[in-house]
Amino acid sequence: MVKAAKVFLILGMVGSAIGALAMLIMGIITAIAVDLMGGILLIIYTFILLVPFVIDYVGYKKINNATRAKELTTIGILTLIFGGIIPGILILLIKDEDLGVSTYVKKETKPTADSLEKELKDLNTLKDNGVITQEEYESARKKIIDKNL
């Protein structure tokens, strides 16, 4: 989906650039040979033809820099309205997976009875060796049990 959107954006930019260049040349020729005011108006209209070019260019850059599909919603709508129907639709159809973003969510695993038993044995060893006091032992033991159950 991303590659297709980029291709259509590039095609839109090329088409807009050719149209704007043709309009500019016509404006210059008209201003010189026929009517100065008409030529100036054609030159001004050239800038209107650059709007789709700019929208498509921004869309292309946004696709390259996007990390989430939600970031492309606004430029997708703008492209749909001002740039082109096909690239606008393609941008709006891009998913996170198309951008290379992983949607994998690691499940939290519940500690096993063996790990609980090991933690309590280690804590008991600390108490027996005098590293922690009885009060510290009771407090830590309660935390371990609460955390694991």
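Mentor: Let us begin with what is meant by a helix: helices are DSSP runs of H or I with at least four residues, numbered from the N terminus. Please keep in mind throughout that this is a predicted model. With that in place, Ala17 can be assigned to helix H1.

Trainee: Is Ala17 buried, partly exposed or exposed?

Mentor: Ala17 has a relative accessible area of 33%, and it is therefore classed as partly exposed, because that class lies between the cut-offs of 20% for buried and 50% for exposed. As for its position in space, the C-alpha atoms of Ala17 and Thr46 are 9.6 Å apart, although 29 residues separate the two in sequence.

Trainee: How should I describe the way in which two helices pack?

Mentor: In general, a pair of packed helices is described by the angle between their axes together with the distance between those axes. Here, helix H1 spans residues 2-33 and helix H2 spans residues 36-65, and their axes come within 8 Å while crossing at roughly 165 degrees. H1 and H2 are therefore roughly antiparallel to each other, since angles over 145 degrees fall in that class. The crossing of H1 and H2 is left-handed, and their contact comprises 24 nonpolar, 10 polar and 2 charged residues.

Trainee: At what angle do H2 and H3 cross, and which residues make the contact?

Mentor: The axes of H2 and H3 cross at roughly 155 degrees and come within 9 Å, and the two helices are therefore roughly antiparallel as well. Their crossing is left-handed. From H2 the contact draws on Val51, Pro52, Ile55, Asp56, Val58, Gly59 and Lys62, and from H3 on Ile75, Leu78, Thr79, Phe82 and Gly83. Sorted by class, the residues of this contact are 7 nonpolar, 3 polar and 2 charged.

Trainee: Which residues of helix H3 are buried, and where do they lie around the axis?

Mentor: In H3, which covers residues 73-83, Ile75, Gly76 and Thr79 are buried. They lie on the same side of H3, because the arc that they cover around the axis is only 105 degrees. The face turned away from this buried side carries Thr74 and Ile81, which are exposed.

Trainee: How do H3 and H4 pack against each other, in terms of angle and axis distance?

Mentor: H3 and H4 pack at an angle of about 160 degrees, and their axes are 7 Å apart. The angle makes H3 roughly antiparallel to H4, and H3 passes H4 in a left-handed crossing. On the H3 side, Thr73, Ile75, Gly76, Ile77, Thr79 and Leu80 take part, and they meet Ile85, Pro87, Gly88, Ile89, Ile91 and Leu92 of H4. This contact of H3 with H4 has 8 nonpolar and 4 polar residues, and no charged residues.

How values were computed: Residues are numbered from 1 along each chain as its sequence is written. This is a predicted model: local features need pLDDT of at least 70, side-chain atom pairs count only at pLDDT 80 or more; totals for chains, interfaces and linings use all residues. Side-chain values use heavy atoms; hydrogens and water are left out. Axes are lines fitted to C-alpha atoms, for helices over the stretch in contact, and angles run from 0 to 180 degrees between N-to-C directions. Angles under 35 degrees count as roughly parallel, over 145 as roughly antiparallel, 65 to 115 as roughly perpendicular and the rest as oblique. A crossing is left-handed if the near helix is turned anticlockwise from the far one by less than a right angle, and right-handed if clockwise. Ala, Val, Leu, Ile, Met, Phe, Trp, Tyr, Cys and Pro count as nonpolar, Asp, Glu, Lys and Arg as charged, and the others, Gly among them, as polar. Buried means under 20% relative accessible area, exposed over 50%, partly exposed in between (1.4 Å probe, protein chains only). The arc is that of the directions from the helix axis to the C-beta atoms. Contact means heavy atoms within 4.5 Å.
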